[in-house]
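Trainee: I would like to learn how to read a structure, one feature at a time. Where do we begin?

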Amino acid sequence: MLITLPTVMALISVALRRVVQSCFMYSHWARIHSLAMKPYRPPSPESVSTILTSNGLDVMETRLNQFKRIDLTKKLPLHAAILVPLCHDDQGRPAVLFTLRSSSLRTHRGEVSFPGGRVDDDDTDDVSAALRECMEEVYLAPQRVLGRWHDVTNKEGNTAVTPCIAYMGQVDANHQLFSQDEVEEVFTIPLEDLMSEEKRSYWTSSRLPGLKMPQFENKPDCRSNKAAEQDYGGFWGPWLRGD
């Protein structure tokens, strides 16, 4: 096959884009890594029990709206939003709600996730997109939207994902309705478990050598064994520290 100059230039262009994207992803994950690997400050039982009180939510909202967040939306071609649903579980414990994605979906089938998806043209912003997706997937609207955390990327590195944090009130996951087209199960994990140093390990990736991120290790007590069998990597340090 004859290799022409335009072909060579096109191949070089693709290679350069991939190098730039890899460097960008590495610098981004390095920043997240530096946040996640700060010295761990174990929360007291009292602080965990009051984190979702009215005063605790006030503090969280203030901090989320004052810190300088990482915004990747102008650096990546696609934009998605997820809702991180803080709640009180059926026993009144501060918790986080998760979904197990349907095994029939085209992408990310059978994975543990937060409600979320692409930001559509009809969405006012990423927060409205996250709220819309949450309503479509688990039929829940938050009592209070608290703010946004740093953007992260998807596995392919082509989508900026904005985590939006909200308080949902009390949620009984055992009786919560959800869209069976998108979700296979809804469950909660107490914040006390997520913040426990004894229940964490560390995630590494060959794509990002030298970086390691704390992750939740223990499997939750779910209604079915399907969710409990999933890999619970990716619950990173800022969440586990309670920052």
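Mentor: Begin with strand pairing: two strands pair if DSSP finds at least two bridges between them. Helices (H or I, at least four residues) and strands (E, at least two) are DSSP runs, numbered from the N terminus. This is a predicted model, in which local features need pLDDT of at least 70, side-chain atom pairs count only at pLDDT 80 or more, and totals for chains, interfaces and linings use all residues. Residues are numbered from 1 along each chain as its sequence is written, and side-chain values use heavy atoms, with hydrogens and water left out.

Trainee: In β2, which residue is the bridge partner of H88?

Mentor: P94 is the partner of H88. Strands β1 and β2 (residues 94-101) pair in the antiparallel sense over 3 bridges. Their hairpin has 5 residues between the strands, and G92 takes a positive phi near 80 degrees there.

Trainee: How many bridges join β1 to strand β7?

Mentor: There are 10 bridges between β1 and β7 (residues 159-170), and these strands run parallel. L83, for example, has C164 in β7 as its bridge partner. With β4 (residues 116-118), β1 pairs in the antiparallel sense over 3 bridges; there A81 stands opposite G117.

Trainee: Is β1 mostly covered or mostly open?

Mentor: Buried means under 20% relative accessible area, exposed over 50%, and partly exposed in between (1.4 Å probe, protein chains only). β1 is mostly covered, with 9 of its 11 residues buried.

Trainee: How are the rings of F98 and F114 placed?

Mentor: Rings of Phe, Tyr and Trp (its six-membered ring) pair if their centres lie within 6.5 Å; planes under 30 degrees apart count as stacked, over 60 as edge-to-face and the rest as tilted. A search of the whole structure finds 3 aromatic pairs. F98 and F114 have ring centres 5.0 Å apart and planes at 25 degrees, so they are stacked. F98 is in β2, while F114 is in the loop between β3 (112-113) and β4, 16 residues apart. F98 and F187 are also stacked, at 5.8 Å centre to centre and 25 degrees between the planes. F98, F114 and F187 form one aromatic cluster.

Trainee: Why does R69 count as buried?

Mentor: R69 has 18% relative accessibility, so it counts as buried. R69 lies in the loop between α3 (54-66) and β1 (78-88). Contact means heavy atoms within 4.5 Å. Leaving aside neighbours within four places in sequence, R69 is in contact with R148, W149, H150, D151 and T162.

Trainee: What is the mean pLDDT of the chain?

Mentor: pLDDT is the predictor's confidence in each residue, from 0 to 100. The mean is 76, and 67% of the residues reach 70 or more. Over residues 7-23 the pLDDT is below 50.
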